[in-house]
Amino acid sequence: MPSRDLVWDGCLNVRDLGGFAVDGGETRFGSVVRADSVSELTSAGWEALADYGVRTVLDLRGDHEREDDPPSELPVEVLHVPFMEASDEEWSEIAEELEEVAKQPVPDATRDAYLIFLERFRPNVGAAVKAVAHAPEGGLVIHCVGGKDRTGLLAALLLYLAGVPVEEIAADYALSEERLRPRHDKWLEAAESEAERERLKRIAQCPPESIVQVFAELKRRYGSVEEYLRAAGVADEELELARARLQ
């Protein structure tokens, strides 16, 4: 089996979503890849991305975060689907909610923060899954800025649709903590206060139990993860297309 870890110069935390066990087989290599931020890629990194077979970039960053797109000479289509986009007033409300849940131990705080995102930005989540379902043939890479939360949640949902056991999905999510450590260390060094440093330490953690609990809560609230996605605007045929992309 090929390695799921990929090396694209300028990117951290790049790995294929292939190779996970599902009923009767395994998830496909070369179909969906996750990365931190392809805006950090060097020219050599972009060439490696294209050489791997990626033909679509699904950019989960908001409008205010996007600065660089792929070089126009490469055969890569860019789809911009902001995973978290809200007005200043809405962000103020969300910030208050996040501040409250941050008082809990990290696994619970991460779980509740993700549930806030999944509820507040439900149409955005649906749009991202729909974009994967309708993406052209060839490999697809999903990315944001940090590569842990937005990218992690979308990767987890896609693996769930493909039939990967939740414990394996959670273990994959947990890999991001170590893979992103070089970037997080830079952020910690640049922190202007001890309070900011402690906040960054908390959000850099990737407790696997948080993902397990997120899926359990979505099932409790909606009956199933698929019903959550249907409520987010994803049609049954789109669920099948997203599932088929990885199976």
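Helices (H or I, at least four residues) and strands (E, at least two) are DSSP runs, numbered from the N terminus. The model is a predicted one, in which local features need pLDDT of at least 70 and side-chain atom pairs count only at pLDDT 80 or more, while totals for chains, interfaces and linings use all residues. Residues are numbered from 1 along each chain as its sequence is written, and side-chain values use heavy atoms, with hydrogens and water left out.

Which residues of α9 are buried? They are Ser210, Ile211, Val214, Phe215, Glu217 and Leu218, where buried means under 20% relative accessible area, exposed over 50%, and partly exposed in between (1.4 Å probe, protein chains only). Seen down the axis of α9, these buried residues fall within an arc of 165°, so they line one face of the helix; the arc is that of the directions from the helix axis to the C-beta atoms. An α-helix has 3.6 residues a turn, so residues three or four places apart point the same way. The buried residues of α9 pack against α3 (106-120), α5 (150-162), α6 (166-179) and α10 (225-231). After α9 comes Gly223, with a positive phi near 100°.

Leaving aside neighbours within four places in sequence, Phe215 is in contact (heavy atoms within 4.5 Å) with Ala156, Leu157, Tyr160, Val166, Ile169 and Val225. Phe215 is also among the residues that touch the most other members of the largest nonpolar core, which has 54 residues. Such a core is a set of buried Ala, Val, Leu, Ile, Met, Phe, Trp, Tyr and Cys residues joined through side-chain atoms within 4.5 Å. Helix α5 gives the most to this core, with 10 residues. A second, separate core of 16 residues includes Cys11, Val14, Leu49 and Val76.

The aromatic rings come next. A search of the whole structure finds seven aromatic pairs. Rings of Phe, Tyr and Trp (its six-membered ring) pair if their centres lie within 6.5 Å; planes under 30 degrees apart count as stacked, over 60 as edge-to-face and the rest as tilted. Trp8 and Tyr52 form an edge-to-face pair, 6.3 Å centre to centre with 65° between the planes. Trp8 lies in the segment before β1 and Tyr52 in the loop between α1 (43-51) and β5, so the pair ties together parts that are 44 residues apart in sequence. Tyr160 and Phe215 form a stacked pair, 4.8 Å centre to centre with 25° between the planes. Tyr160 lies in helix α5 and Phe215 in helix α9, so this pair ties together parts that are 55 residues apart in sequence.

The strands complete the picture. Five of them form an open sheet in the order β1-β4-β7-β5-β6, with mixed pairing; two strands pair if DSSP finds at least two bridges between them. The edge strands, each pairing on one side only, are β1 (15-16) and β6 (77-80). Strand β7 (residues 139-143) runs parallel to β5 (residues 54-59), joined by five bridges, and β4 (residues 32-34) pairs with β7 in the parallel sense over three bridges. Five of the five residues of β7 are buried, so this strand is largely enclosed by the rest of the structure.
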